[in-house]
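Subject: Handover of a structure and notes on it

Dear colleague,

Please find below the structure that I am handing over to you. My notes on it follow directly after.

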Amino acid sequence: MTVRIGHERQGEGGRTLPGSSAVPLSAAYDTALLDLDGVVYAGGEAIPHAVEALGVARGGGMHLAYVTNNALRTPEEVATHLTELGVPAVAGDVVTSAQAVARLIADEVPPGSRVLVIGGEGLRVALRERGLVPVESADFEPAAVVQGYGGPDLPWGRFAEAAYAVQRGVPWYASNTDLTIPGVRGIGPGNGAAVEVVRIAAGGRAEPKVAGKPLPPMHRETVLRTGAERPLVVGDRLDTDIEGAFNGGVDSLLVFTGVTDVAQLLVAPPEHRPTYVAADLRGLLVGQPEVVAEAGGAVLCGGWRASVSGGELVLEVVEGADVMDGVRALCGAAWSAAGDGVCEADAGKALALLGW
């Protein structure tokens with residue numbers, strides 16, 4: 001089995017070419033660490049091809065674990081929802097940022113401490129599992145205050161309670177700081193937006209300790225709970241999923257079913273460059289073609305040839321070639337020439353040639 005993994009293609013400046021695999025990714029890796037929102041589902045509905053692709057990957061022996069920055073629901077609720085969508089799962093398959101932040105808090109406050117919760121039931125359950133006591137008011141003298149996504153109906157007064165506690169010097173934690181969250185109707189505000197509300201109300205000086213992707217507490221929680229030996233992170237966000245994989249030293253697959261578009265990927269900094277790219281989760285079921293850099297700076301993949309000239313991406317159009325191979329070639333050209341001024345506008349021009 002020949003697999004060129006990401007770490008072999010990263011230097012001090014980070015990845016310059018997408019990785020390749022001669023076998024399906026579901027065979028090359030023992031565990032898929034899958035983000036949920038924007039990868040498996042959006043707004044509660046399964047993303048096209050996700051259910052079928054995950055079923056085939058699981059049937060081939062790949063362990064599927066679901067790793068989410070969304071702290072609203074308990075692992076049991078998430079597993080039930082996945083099963084209803086046609087993706088069989090149990091609570092032990094789910095790792096949430098609520099679990100990661102609860103462990104972080106428990107490591108830093110005395111057992112049995114009160115914690116002011118600004119969020120949903122997922123946070124409360126995770127705190128209780130760590131022997132901590134969730135409370136609803138800053139007047140209960142909490143040892144910590146924690147914020148997690150609480151859904152669209154979280155009362156405004158909850159942010160005030162958090163601000164009161166932070167103003168009094170109570171240690172502040174956040175499950176994650178994702179500014180947005182994808183849904184059926186579009187992109188909505190995430191927990192990071194709520195954290196900014198509290199930061200402003202508290203005077204703008206305090207900073208929360210954050211547990212979720214891309215930071216180490218979430219990676220630690222995932223490793224502890226899944227036992228993965230050769231994991232592949234699968235996500236739709238460069239600044240959480242892909243950066244988290246980068247920080248953890250593991251490979252990653254970016255899918256274009258969530259918040260990231262190709263133009264953003266082409267101008268991504270080194271820590272936001274995935275090992276592999278695919279249109280959707282069907283990418284787990286196939287190998288990844290080799291991306292080759294020519295001596296003159298051009299990059300080849302599956303019949304496409306991409307280069308950078310004067311800061312502008314150039315792509316030779318090949319009739320009938322796989323569009324994703326064109327994306328891979330463009331990534332190689334753009335990442336290799338990142339210091340030459342490639343911008344999203346230039347990337348957009350190249351993508352027009354792909355019909356993207």
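**Helix α3 and its surroundings**

In helix α3, which covers residues 75–85, the buried residues are P75, V78, A79, H81 and L82. Viewed down the axis of α3, these buried residues fall within an arc of 160 degrees, so they line one face of the helix. Their packing partners are β6 (41–42), β8 (63–68), β9 (94–96) and α4 (97–106). Please bear in mind throughout that this is a predicted model.

Helix α3 also holds E76. With a relative accessible area of 43%, E76 is partly exposed. E76 and G122 are 46 residues apart along the chain, and their C-alpha atoms are separated by 9.4 Å. After α3 comes G86, whose phi is positive, near 105 degrees.

One of the packing partners of α3 is helix α4. How many of the residues of α4 are buried? The count is 9 of the 10, so α4 is largely enclosed by the rest of the structure. The buried residues of α4 are S97, A98, Q99, A100, V101, A102, R103, L104 and I105.

S175 sits in the loop between β13 (172–174) and β14 (180–183). Its relative accessible area is 0%, and S175 is therefore buried, since buried means under 20%. Apart from neighbours within four places in sequence, S175 is in contact with S97, A98 and V101, among others; S97, A98 and V101 are also among the buried residues of α4.

K213 belongs to the loop between β16 and α8. Is K213 buried or exposed? K213 is buried, with a relative accessible area of 10%. Not counting residues up to four places away in sequence, K213 touches D35, V67, T68, N69, D178, M218, T240 and D241. For T68 and K213, the separation is 145 residues in sequence and 8.3 Å in space, C-alpha to C-alpha.

**Backbone points to inspect**

Most residues other than glycine have a negative phi, and most peptide bonds are trans. The following places may be read against that background.

- The peptide bond from K213 to P214 is cis, and its omega is near 10 degrees. P214 lies in the loop between β16 (209–210) and α8 (216–226).
- H49 is not a glycine, yet its phi is positive, at about 75 degrees. H49 is placed in the loop between β7 (45–46) and α2 (50–59), and is partly exposed with a relative accessible area of 36%.
- E141, a residue other than glycine, has a positive phi near 55 degrees. E141 is found in the loop between β11 (133–135) and β12 (144–147), and counts as exposed at 68% relative accessibility.

**P289**

Where is P289 found? P289 is in the loop between β19 (276–278) and β20 (292–293). With a relative accessible area of 27%, P289 is partly exposed. Leaving aside neighbours within four places in sequence, P289 is in contact with G19, S20, C301, D325 and R328. P289 and R205 are 84 residues apart in sequence, and 48 Å lie between their C-alpha atoms.

**The protein as a whole**

The secondary structure comprises 12 helices and 23 strands. The radius of gyration is 21 Å, close to the 21 Å that the globule rule gives for 356 residues, so the protein is as compact as a globular protein of that length. Taken along the principal axes, the box filled by the C-alpha atoms is roughly 65 × 45 × 35 Å.

Of the 356 residues, 54% count as buried. The accessible surface comes to about 14500 Å², and carbon and sulfur atoms contribute 53% of that surface. Among contacts with a separation of 6 or more, 69% are between residues 24 or more positions apart. The protein carries 26 positive and 43 negative side chains, and the centres of these two sets lie 5 Å apart.

With kind regards

Conventions:
Residues numbered from 1 in each chain as written. Predicted model: local features only at pLDDT ≥ 70, side-chain atom pairs only at ≥ 80, totals over all residues. Heavy atoms only, no water. Helix = DSSP H or I, 4+ residues; strand = E, 2+ residues; numbered from the N terminus. Rg over C-alpha atoms; globule rule 2.2 N^0.38 Å. Buried < 20%, exposed > 50% of the residue type's maximum accessible area, 1.4 Å probe, protein only. Contact = heavy atoms within 4.5 Å. Areas by Shrake-Rupley, 256 points an atom, 1.4 Å probe, with all protein chains shown as cover. Lys, Arg positive; Asp, Glu negative; His and termini not counted. Charge placed at Lys NZ, Arg CZ, Asp CG, Glu CD. Arc of directions from axis to C-beta.
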